[in-house]
Amino acid sequence: LVRAAVDALGGIKRFVSRGDVVVVKPNMAWDRVPEQAGNTNPEVVAAVVKLCYEAGAKKVKVFDRPVNDPRRCYVQSGIEPAAKAAGADVFFMDDRKFRETPINGLVLKTWPLYTEVFEADKVVNIPIAKHHGLGKLTLAMKNWMGIMGGSRRVIHQNLDASLVDLAMKVKPALTIIDAVRILTGNGPQGGDLKDVKKLDMVIAGVDQVATDAYSATLFGMQGKDLGYVRIAAENKFGVMDLNKLQIKKMTV
């Protein structure tokens, strides 16, 4: 699924060059197993890592700042063993590497962000598509909360605009949304298998607004139903209107 989606965009070599250091950013926030759909599917993560190395990447780094105990999240999610088996450098984030970073966004002016994201040659964002109590859904733009230091709860007071600021700051080369299993309720943590729907789908694109707007349809929503997608589109950060996009659907 991952390979087919990336090939439809022109192939991984369009995004990753020989000798690149690549940061692959999954969602590893929760102490949940893959079947519970609280984190990015480990097989999707491993497939992305493999593609990066096929393109000639020098090193692929995989990390996140979990909400639950990182030692449990990395293992329970299945991501650490899967990504390591694919050759990735998987590690816990080092508190010393969060630096106050100018953002100059709509609401975030500065915030401590993880320096290794900005030191990498390329960044690939691979969130899981799932329900979120406050943001309605957590998709590509919401996944950047995992590179924030400090007290992330503070941005919940103005969550949508803050997520747009973060997404505009990072500028990933590629976004791959894991919809192999989606979490339809009680997110972002989940836990009950009754809330999980298996779609066996992967969505890839270069426009974070477009990928999030399309992914919203998997939950019976439109992009405009998500505050951060709407704000991003209004600020010409990306395209929310699916009628203006060239969408290629494939069955693998």
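Asn41 caps the N-terminal end of H2, with a side-chain oxygen 2.8 Å from the backbone nitrogen of Glu43. Such a polar contact is a pair of N or O atoms within 3.5 Å; within protein, one must be able to donate a hydrogen and the other to accept it, and residues adjacent in sequence count only if both atoms are side-chain atoms.

This is a predicted model: local features need pLDDT of at least 70, side-chain atom pairs count only at pLDDT 80 or more, and totals for chains, interfaces and linings use all residues. Residues are numbered from 1 along each chain as its sequence is written, and side-chain values use heavy atoms, without hydrogens and water.

Helices (H or I, at least four residues) and strands (E, at least two) are DSSP runs, numbered from the N terminus. H2 covers residues 42–54. Its 13 residues should span 18 Å at 1.5 Å a residue, and the end C-alpha atoms are 18 Å apart, which agrees. The expected span is 1.5 Å times one less than the number of residues. Buried residues of H2 include Val44, Val45, Val48 and Leu51 (buried: under 20% relative accessible area; exposed: over 50%; partly exposed: in between; 1.4 Å probe, protein chains only). Gly56 follows H2, with a positive phi near 100°.

Now the rings. Phe, Tyr and Trp rings (for Trp, the six-membered one) pair if their centres lie within 6.5 Å; planes under 30 degrees apart are stacked, over 60 edge-to-face, the rest tilted. The count is four aromatic pairs. Tyr74 and Phe92 have ring centres 4.7 Å apart and planes at 65°, so they are edge-to-face. Tyr74 is buried, at 1%. Phe92 is partly exposed, at 41%.
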